Amino acid sequence: MSLETERILTVGEALKRPLFRGARIAAGVDGLHRPIRWVHILEISNIEKMIHGEEMILTTGVGLGADAASSVSFMEKLIRHNAACLCIELGPYFGSVSGELLELADRSGFPLIVFPHTVRFVDITQDLHSLIISRHHRMLQELESISREFHRLTLTSQGALNVLKPLHKSTNHKLLYQPPPGKPAFYPILPAGEQEAPLDAIGAWAGDLEELKPNDAPFLRSFQDQTVVIKPVGALHQTWAYLIMICGHPPREYDYLLLDSASLSIAQELLRTRYMEERKLFTENLWVDELLSGRVDDEKQLQALVGPDYKRLNELSYRVCLIEIENMYDVKLHIQDNEWDSVRYHLSLLVRSIFEKQSFRPLITLKNNRLAVIALDMKSKLHTKARLQQAFEELREMQADDSLKNLKSLIGVGRPSVHLRHAYSDHQEAVQALSLHACFKKQVLFYEELGVFELLLGLNDGNTLRPSSAITSVPCWITTKRRAAESLQTLKVYLDHDGSKQIAAQKLYIVRQSLYYRLEKIMELLGEDFMEPEKRIAIQVALRAYQPLHPDKFGK
């Protein structure tokens, strides 16, 4: 008896049980290999919601009706719902098996078993259910044992490839391990001439595979009368490789469970490797902080720090992105001091994976609660900003994971630039974008979105606006009056919506009469001509200059 037969109860094996001694197979001999997942007694013809598939069906025929058409219709439904077989007790309700029923069973390879005498269905269900449960329990024990072996093998050198041997031994299917940037490995090893066809087929499915995530169900396709099962391998919502099973027959549940266990063990090894690489990169990239801080401005020094890739990287377009974790040191997160290094590496690894997925080469440094990324664009012909926004969206979604789930981030992005020696000024732009989050109420802010704030910051040589700026005089005047915050917020909303009283009232959540009253008070302070173009522009600029200094005075 094969290992596969020991795990799965088939129709042919069930017929050898003592309780089937008097039974005979009337038709459908070709289906004796069909698996039995459960045993079900059915005495009604409406079975659509009664079975899940692979059940042995027992019946006396009491609900089928006397005519042959009813019994044929009943069997057609069972075949359509993938039942394992049909066992009929001949007697007062079902006297004989019609020729049409026998023909249908033979044509469909669907075993039709006949009991010529009365049997106790409860004894059959108890016997077969005990056998099925016992085998399922043994299967789980095997899975646990093999999973431990997978885990042990991944702790050795070339752990991912070592997993293929026990996986093949347990499933008897051909295997292929394919890391995206690497050489595929077959097990058992195929001659070079036989590798081309499956690799070409898998390459043709590349578009579909890109959508797969590590937690997704395996991807199934047919290839040369075989079933190809592709399982993505990875972590942090990123796919790093594919584990592929090429099956000569439809894969069983046991195969899927083993494939899932093997892919998880390989993913853990890949994650460990990436953590070690991230630690190494952190050490190597200390110069990135020097560059962004303006302490590296000599071309030869920069070339020595970057290494042999300098010429190529220096010609790429890039953006400096600052990811600030607002609550990194919040005691409410319950993160111990000795856990912070792990959190930092996890965050850095997550950011690196996301940026690489969007075709950026990230140079990363982390200082205090701010992660700085020089995102070198490897595909500059594609829309850079859209891909960055997609990366930030993925980061936001993935921060719901593990130790990062409660961290809150703000992101500032500088303008596109070329030549790494300009990274300091690009970093300053990202800093300025971060400093204005209170004004824009946006999680991600690009420098080119600052509008008039860019001009105002330029007037102060790029520094945060100072209270002494002459242009802030209008809002300062208003703030000396009673209910200053209310007046500032009303004036800003009214001007921002082109003097539309209807829209302004809606945005402020007040009735029109209240808005009219507020505007009268503002008019007393600023004059009746405050909506004239030149004065209006001056006031709006003054409000923009004042807002970063006193965001609390503009409401929520």
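Contact here means that heavy atoms lie within 4.5 Å of each other. The structure described is a predicted model.

**Overall make-up**

The protein contains 23 helices and 16 strands. Of its 556 residues, 47% are buried. Its accessible surface is about 28,700 Å², and carbon and sulfur atoms account for 52% of that area. When contacts between residues at least 6 apart in sequence are considered, 65% of them join residues at least 24 apart.

**Ser-417 and its surroundings**

Ser-417 belongs to strand β15, which spans residues 417-418. Leaving out residues up to four places away in sequence, Ser-417 touches Leu-316, Ser-317, Tyr-318, His-422 and Asp-426. With Asp-426 there is also a polar contact, side chain to side chain, at 3.1 Å. Ser-417 has a relative accessibility of 10% and therefore counts as buried, since the limit for that class is under 20%.

**Strand β6 and its partners**

Strand β6 covers residues 174-178, and four of its five residues are buried. β6 is joined to two strands, β10 and β7. With β10 (residues 238-247) the arrangement is antiparallel and has five bridges; here Leu-175 stands opposite Met-245. With β7 (residues 185-187) the arrangement is again antiparallel, through three bridges, and Tyr-177 has Ala-185 as its bridge partner. In a regular strand, side chains alternate between the two faces of the sheet.

**Nonpolar cores**

The largest nonpolar core has 52 residues, and the members that touch the most others are Leu-243, Val-351, Phe-355, Leu-388 and Phe-392. For Val-351, once neighbours within four places in sequence are set aside, the contacts are Ile-323, Ile-364, Leu-371, Val-373 and Leu-395. Another core, of 22 residues, lies apart from the largest one; Trp-287, Leu-410, Leu-420 and Ala-423 are among its members.

Helix α12 runs over residues 299-306, and Asp-298 caps its N-terminal end, with a side-chain oxygen 3.1 Å from the backbone nitrogen of Lys-300. Just after α12 comes Gly-307, which has a positive phi of about 100 degrees.

Leu-543 is part of helix α23 (residues 533-546). Its relative accessible area is 2%, so Leu-543 is buried. Leu-543 and Leu-488 are 55 residues apart along the chain, yet their C-alpha atoms are separated by 8.0 Å. In an α-helix there are 3.6 residues a turn, so residues three or four places apart point the same way.

**Cysteines**

How many disulfides are there in the model? The count is zero. Cys-85 is in no disulfide, and the nearest cysteine sulfur, that of Cys-87, is 4.3 Å away. Cys-85 has 0% relative accessibility and so counts as buried. Cys-321 likewise counts as buried, at 0% relative accessibility.

**Accessibility of selected residues**

| Residue | Relative accessibility | Class |
|---|---|---|
| Cys-85 | 0% | buried |
| Cys-321 | 0% | buried |
| Leu-543 | 2% | buried |
| Ser-417 | 10% | buried |

Conventions:
Residues numbered from 1 in each chain as written. Predicted model: local features only at pLDDT ≥ 70, side-chain atom pairs only at ≥ 80, totals over all residues. Heavy atoms only, no water. Buried < 20%, exposed > 50% of the residue type's maximum accessible area, 1.4 Å probe, protein only. Pairing = 2+ DSSP bridges. Core = buried A, V, L, I, M, F, W, Y, C linked by side-chain atoms within 4.5 Å. Polar contact = N/O pair within 3.5 Å; in protein donor to acceptor, adjacent residues only side chain to side chain. Areas by Shrake-Rupley, 256 points an atom, 1.4 Å probe, with all protein chains shown as cover. Disulfide = S-S within 2.5 Å.
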